[in-house]
Amino acid sequence: MTIIFFQIIITSTILLFLLPKRHQNNISIFLQAGIIVITSFWAIQTFTIVDILELPFIYLLGNSIPLKIDKLSAFFILVINFTSLTGLIFAKGYLKPYFPKKNDTEIAFHYFNFLWLHISMLLVVMIRDGLAFLIVWEIMSLVSFVLVIFESEKKETVNIGLKYLIQMHIGVVFLMIAFIVAYTTTAAEFSFDGLSVYFASNNPFPLFLLFFIGFGIKAGFIPLHSWLPHAHPAAPSHVSGVMSGVMIKMGIYGILRVLSYIHNDLFDIGLFILIISLISGLIGVSLAIVQHDVKKLLAYHSIENIGIIGIGIGLGVIGLSQNMPVLAVLGFGGGILHILNHSLFKSLLFYTAGSVYKQTHTRNIEQLGGLIKKMPKTALFFLLGALAISGLPPFNGFISEFLIYSGMFRSLQTANLLIDIILLFSFSGLAIIGGLAIFCFTKVFSIIFLGTGRSNRTQNVTEVESVMILPNFMIGFLILLIGMVSFLIVQPLMNVVSIFTENTSLLSEMIPVFNNISLSSGIFISIIGIIWLLRDWQQKRHQVTENDTWGCGYTAANPALHQYTATSYADNFVQISSKLVNVKKEYDNFDVSEIFPQERSFETHSSDVFEDNLVSKPAKIIFHFLEKIAVFQTGRIQDYLLYALVFIIIIGILTYFNLI
Amino acid sequence: MISLLLILISALFFVGIVTKLKAKIAARKMPSIFQPLYDVIRLFKKGTVYSPVTSIIFKVAPILYFSSILSAVFFIPFAGEAGLLSFYGDFVFFAYLLAIGKFLMIIAAMDTGSGFEGMGANREALYSMLVEPAFFILAGSVALFTNNISFNELFANLHISTNLSYTIGIASIYVLFYIAMVENSRMPVDDPKTHLELTMVHEVMVLDNSGFDLALIHIATWLKFAIYGSLISNFFIKSDWNIYEQIAIYLGVQFIFACLVGIVEAFKARNKMNKNPQWIIVLSAIAVVTFLTALIITQKITLH
């Protein structure tokens, strides 16, 4: 019964084009609410009553394609639903300035695609049939491409969108090849379920590698990430929030789905995922530190967090292969929980960054500053997101990292030498990633929100309207809930982890630990409360005065001129990692004869080593080659007729000699 | 409970002893051992000055910083007896709890809009990021050695018996000692006595704090020293000794730790600023040595 409602709702998205733009957001939310209610109902059903829910969905080439929802799908459905909902609410406020510029159809097209991004993601996690999966995967790429180029009047945006589209198609080719290879070797069904036959009888690594490249381009593992830092800044903020929060996780879903069919030779695969993830984590966060564009910075942080998720999954797979249940359960548990956590704080950060962009019209953090006084709510939510993404207690990011850490530390003694060395690298890597994330988020929060404004863009800024704050409240509530009352998520998490390993009861052993963490956080917060009251009491008895910031005796210049900038903040990190982050400085040196130095310019640029060498350089070489071929493109119809004639003659000759 | 009391008591005198010893070595007139206490009491009696540039962040940061360190004290075990809070993996919570306080102090320094404080903040952020792996590798090697991952059990099961395990003990103490120095921004990473803002790290971050807030920051520094002192003392105290011996040894270790800090500060010059990262990473390298030693002891690496 519910499936019919689902089909009706997804078809009726077409009605958006008939409506004037002022109603479109409300109608979209109404349709989305229907989708969310139905799919969440299915998801909760799989979590509580049945193991696998199978519903007939559509006929494709004469085959009935069912929706198949297991616990892994159910988990992703809930994550997708929540973030898409907050995204659409945020869009109501965010798109308002675009209304005068865009006509009804353009706005309707945007909402239509946004809804279809949501629907296609849901279908991606529910469909197992190979061909249907590739089709919905393709729909997801196409609609997100349209969403990215929303501001298509900017040439830059369209270029970025095309780059994204091309890379997504390279990904889909790998997926297609992978499915075909499995299908032709085993003649089992052309679907995910058919893979188990292949993996049982063949070395799983080569085929897994194909899938990993295909899904990894979506997920943004380094070195497959180069679309990510461009597409996120170009897209409107609610789209970047949803793309970074959940769409890139579809890559992770694919990897997890494929992994669930592999039961032998897991060690190589686990090690491979772990190494790629450690690299993604470390390089992602290092590159984030040198960015000045706040959304590009957040995009690099997505790569970092995909790395953390991958570390958890990689360790889980290694744990499975070595028969170490603690490592397997806590690794998978931490990695999967981090998927949810990252979808929360990353969308929160993108929404708040979007609010800042909407009010200041710049994403360059060097032009911002002091916004906490003008946008206090946005600032506090950004801070909440920053603390959570840095993995600090009592917020949710800590809980997932804690699971991964405890899995590693508890396995140290039982593991053999090789695993111990792997664990050593993993936990030191995770600790460095955490430290660098703190470095990065102290930078970006202080530069945007603290101190004084660095340009006139910050002058007439006001807080955004409440509809843009509402999603932040919803996300903030969940961040605190998972961080403070973490035992709640153990049961659902056990359900999801049970796809990969049976010993999920190890997770329920974490409940007392989580309760202790909640207690410790509670004590921490009560101490804060007590000290606060004490200070209030003390300050009422003594004078509280206002005076200028200490400028070391120099009072002539205003503080905005000599306060720290993002570039100077990142400088000491850049010095120790110059090879990796590739920062170039451009400036004129002082002339010796110049007694009173004049104003002069200073520029720094950073570039992504991987993008330069893996995408830009090969693309240049290909272009160079293709340009030579372009001599045939003369633009004269006579030449083209000649080509056709030559072609026909060649075909004729070849047929005559029985060559084709 | 005992651990909490002992840490609070030793925190009161720690910095006093350090300053007194430093003055003695430099042949200056020695301040009273209670001088830091007097300073803090005087600060509590004073009003507070806030810059108009600062926001709510600047006002809450010292409170959060102090609270995070006070809560961290609850995790420290004493002679086989667990701290007030003790659970599987508590040292991860401990490390991240200290990090949240630091996060707030760093952004509070940036909140003042002063170039000097930004400089200090960003150095502190870099150094504490670099020192983090050393702590985790150290904890990892003790966990590998004892198969336990809470502070209390780590130490309770740390039987220093063979020659090799002395290596772990000595290297761990060395690393912990210098982690304490880095975390408290002392020599050789930072010189608390410097008079030039450009060369400061921690001191320049708190230039604008005054009154109650500054007092909290000072007490937090004492507590941090006492925390690391207690961690080190746990390497020496055995759980089967009677309580008076344990307390005596504990206070003795804290005293020697304070003296060592004083001596190092008196004789060592501050590193060149851009040498610091390298110097801090060496700590992680030494921690890796303890990890390898633990692998040898657990016979995963066999030596011929």
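**A salt bridge and its surroundings**

Reply: In chain A, the side chains of A:D70 and A:R128 form a salt bridge, with N and O 3.2 Å apart; the term means a side-chain nitrogen of Lys or Arg within 4 Å of a carboxyl oxygen of Asp or Glu. A:D70 belongs to the loop between β2 (63-69) and α3 (71-94) of chain A, and A:R128 to the loop between α4 (104-126) and α5 (130-148) of chain A, so this pair ties together parts that are 58 residues apart in sequence. Helices (H or I, at least four residues) and strands (E, at least two) are DSSP runs, numbered from the N terminus.

The model is predicted, so local features need pLDDT of at least 70 and side-chain atom pairs count only at pLDDT 80 or more, whereas totals for chains, interfaces and linings use all residues. Residues are numbered from 1 along each chain as its sequence is written, chains are lettered from A and ligands numbered from 1 in the order in which they are written, and side-chain values use heavy atoms, with hydrogens and water left out.

Over all chains, the rule finds 19 salt bridges. Between chain B and chain A the count is 1 salt bridge. That bridge joins A:R535 to B:D213, whose closest N and O atoms are 2.8 Å apart.

The interface may be considered next. Here 84 residues of chain B are in contact with 82 residues of chain A, contact meaning heavy atoms within 4.5 Å. The two chains bury about 6900 Å² between them, and carbon and sulfur atoms give 74% of that area; buried area is the accessible area (1.4 Å probe) that two parts lose on being put together, summed over both. On the side of chain B, the residues that lose the most area to chain A are B:Y96, B:F103 and B:M110, together 11% of what that side buries.

The interface also has 19 residue pairs in polar contact, both residues being at pLDDT 80 or more. A polar contact is a pair of N or O atoms within 3.5 Å; within protein, one must be able to donate a hydrogen and the other to accept it, and residues adjacent in sequence count only if both atoms are side-chain atoms. Several elements of chain B supply at least two residues each to the side that touches chain A, among them α2 (35-44), α3 (56-73) and α9 (211-233). The largest share, 21 residues, comes from α5(B). By class, this side of chain B has 53 nonpolar, 21 polar and 10 charged residues. Ala, Val, Leu, Ile, Met, Phe, Trp, Tyr, Cys and Pro count as nonpolar, Asp, Glu, Lys and Arg as charged, and the others, Gly among them, as polar.

The structure holds 6 cavities of 30 Å³ or more. On a 1 Å grid over the protein atoms alone, a cavity is a set of points where a 1.4 Å probe fits but cannot get out, and a pocket is an open set with protein on both sides within 12 Å along at least five of seven lines; lining residues have an atom within 4 Å of a point. Grid points are joined across faces, edges and corners, and a volume is the space filled by probe spheres set on the points.

The largest cavity contains about 190 Å³ of space. Its lining has 19 residues, and B:A95, B:K102, B:S128, B:E132 and B:E183 lie nearest its centre. Two or more lining residues come from each of α17 (417-449) of chain A and α4 (90-111), α5 (115-146) and α7 (163-183) of chain B. The lining divides into 14 nonpolar, 2 polar and 3 charged residues.

The largest pocket has about 770 Å³ of space. It is lined by 29 residues, with B:D39, B:P192, B:K193, B:E203 and B:H218 closest to its centre.
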